[in-house]
Amino acid sequence: VGCRKLRSLCLKWCLRVGDLGVELIALKCKRIRSLDLSYLPITEKSLNSVLQLQHLEDLVLEGCHGIDDDGLSTLDQSCKSLKMLNLSNCQNVTHTGLSSLINGTEQLQQIILAYGSSVTSDLVKCLNAYSKLQSIKLDGCTVTWSGIKAMASLNAPVKELSLSKCLGLTDDGLSFLVQSHKDLRKLDITCCRKITYTSIDIITNSCTSLTSLRMESCSLVPKEAFVLIGARCSFLEELDATDNEIDDEGLKSISRCSKLSILKLGICSNISDEGLAKVGSSCSMLKEVDLYSAPLASTLIMTEILLVQTTKCSYCQAEGSEGLKNIRSVAISDAGIAAIGEGCPALEMINIAYNDKITDNSLISLSKCRLLKALEIRGCLGVSSIGLSAIAVGCKQLTVLDIKKCFNINDNGMIPLAQFSQNLKQINLSYCSVTDVGLVALASISRLQNMTILHLAGLTPNGLAAALLACRALTKVKLHASFRPLLPQSILGYMEAHGCVFHWRDKAFQKEMDPKGWKLHFGRSSSEVP
């Protein structure tokens, strides 16, 4: 009632707010432009009031299961100013309800119907009247051929199309669709497992102005297709090729995209330093790089070594030697990271987790990236406090740091962080060799908000208590449950009263064993692992 000038309000997951509360907001806060009502137990009763908001542009109704076709058919209001509507995960809304909800809307530019009803011709026909529609997101929906044909016939200038995890999407459907919308700028086909080289050929030939292509886990797309992307889509700014067959030749081709700012190559076992060197020398505008490796790389190497050394079978010895050779050949080393560090001064985020060939030299190279804000090196067994110290001194904008399972990082790495990384907000120290001394040093970072501290062998209850009290800005701490009875309840109560939430984990010491890693090694992608 008092906040008459409110422009933006998010009530997502506020499960005790119902129709009465939403109606009150709509009646009293007339200037609202953005309203998120996700997962609220509301019905069409409050929507009539919401649709009367004359300045409303963005409306999110994700997961509002109380909204259905019957209720929407009773609406007697329309919102002419609405530009974005999110009806994701609204299983009870079909084309009938959608038509009622957007009837009379004149400015609609983006529609999000992810994880909803099947994409049929009737559903798409509801969008025919909206000539300003630029973005359609149908992630997780079942796509029919009639729906594909209807989307291809839309007269709207569609610039963004998201079909991530869409069941029923094939080469024929996707190819037909993109040839009708050649002005596409953003395309998401993540986990579309039926598309092949054919789709990439037609996408890159038809949509040459693409700036964003997300295609994680497109398992049937061969390495040759990535050469087409670099050769034909020179305006590309974002490429997500996570868990794909891309190799160094593909990377060399993609390096032609001089405007590239986001490149995700996690779990891409065919790339090496050679391809990264070309990217580093040509893509100086890179801001985000993901080179996450399979968590079991080092364990697999040890397994192959044991196989070679202990087996009496000459065939198994030969196979083991070849497997060892293959595992070692795909690992990214310091040379590749050095190319990124030296050639990409605008770098803000890099993930090199579980790359077993990474050493302190990589971190020293990355320390030249003065704008670096997020660094993930979990499971990089070759890094130590020496490399981390270089990062602390050189990257003073660092806000997020994950050094989980970096066993050689100890208190000597924490002290430089405390001295130079005053912008640090989030850190994961689990399984490191940090003791009370290092943790208390970190507590001097005034902006530190989020800490994960599991299985630090050198940590005592007294040291933990001292560090917690000294961290004035903490809002979230993840700790092992064994510490709970050992910490004074007065300290926990004081921290919680000042807005800190404790997450207690009763987690046994985790060895470097990850079933997903084994599946990846034997040819299955991570998303197929139960």
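Predicted model: local features only at pLDDT ≥ 70, side-chain atom pairs only at ≥ 80, totals over all residues.
Biologist: Fine. How many helices and strands does the chain have?

Modeller: There are 21 helices and 19 strands. Of the 530 residues, 53% count as buried. Among contacts between residues at least 6 apart in sequence, 74% join residues at least 24 apart.

Biologist: Which residues have the most contacts inside the largest nonpolar core?

Modeller: General idea first: in soluble globular proteins, nonpolar side chains tend to be buried together. In this model the largest nonpolar core has 151 residues, and Leu-61, Leu-85 and Ile-189 have the most contacts inside it. Take Ile-189: beyond four places in sequence, its contacts include Leu-174, Ile-195, Ile-200, Ile-203 and Leu-213, but also Ser-164 and Arg-214.

Biologist: Now helix packing. How do the axes of H6 and H7 cross?

Modeller: Two packed helices are described by the angle between their axes and the distance between the axes. For H6 (residues 145-152) and H7 (residues 171-180), the axes come within 8 Å and cross at roughly 10°. Angles under 35 degrees count as roughly parallel, so H6 is roughly parallel to H7. H6 brings Trp-145, Ile-148, Lys-149, Met-151 and Ala-152 to the contact, while H7 brings Asp-172, Gly-173, Phe-176, Leu-177 and Ser-180. By class, that is six nonpolar, two polar and two charged residues.

Biologist: What about H14, how many of its residues are buried?

Modeller: H14 (residues 334-343) is mostly covered, with eight of its 10 residues buried. Among them are Asp-334, Gly-336, Ile-337 and Ile-340. The cover over the buried residues includes helix H11 (273-282), strand E12 (288-290), strand E13 (349-351) and helix H15 (360-366).

Biologist: Let's zoom in on one residue. Is Leu-464 buried or exposed?

Modeller: The cut-off for buried is under 20% relative accessible area. Leu-464 has 0%, so it is buried. This residue sits in helix H19 (residues 461-470). Beyond four places in sequence, Leu-464 touches Asp-436, Leu-439, Ile-453, Leu-459, Leu-479, Phe-483 and Leu-487. Leu-487 is 23 residues away from Leu-464 in sequence, with 8.2 Å between their C-alpha atoms.

Biologist: And a serine in a loop? Where is Ser-81, and is Ser-81 buried or exposed?

Modeller: Ser-81 lies in the loop between helix H3 (69-72) and strand E4 (84-86). Its relative accessible area is 18%, so Ser-81 counts as buried. Its contacts beyond four places in sequence are Leu-53, Gln-54, His-55, Leu-56, Glu-57 and Gln-107. Gln-107 is 26 residues from Ser-81 along the chain, yet their C-alpha atoms are separated by 5.9 Å.

Terms used
Residues numbered from 1 in each chain as written. Heavy atoms only, no water. Core = buried A, V, L, I, M, F, W, Y, C linked by side-chain atoms within 4.5 Å. Buried < 20%, exposed > 50% of the residue type's maximum accessible area, 1.4 Å probe, protein only. Contact = heavy atoms within 4.5 Å. Axes fitted to C-alpha atoms, helices over the stretch in contact; angles between N-to-C directions. Helix = DSSP H or I, 4+ residues; strand = E, 2+ residues; numbered from the N terminus. Parallel < 35°, antiparallel > 145°, perpendicular 65-115°, else oblique. Nonpolar A, V, L, I, M, F, W, Y, C, P; charged D, E, K, R; others polar.
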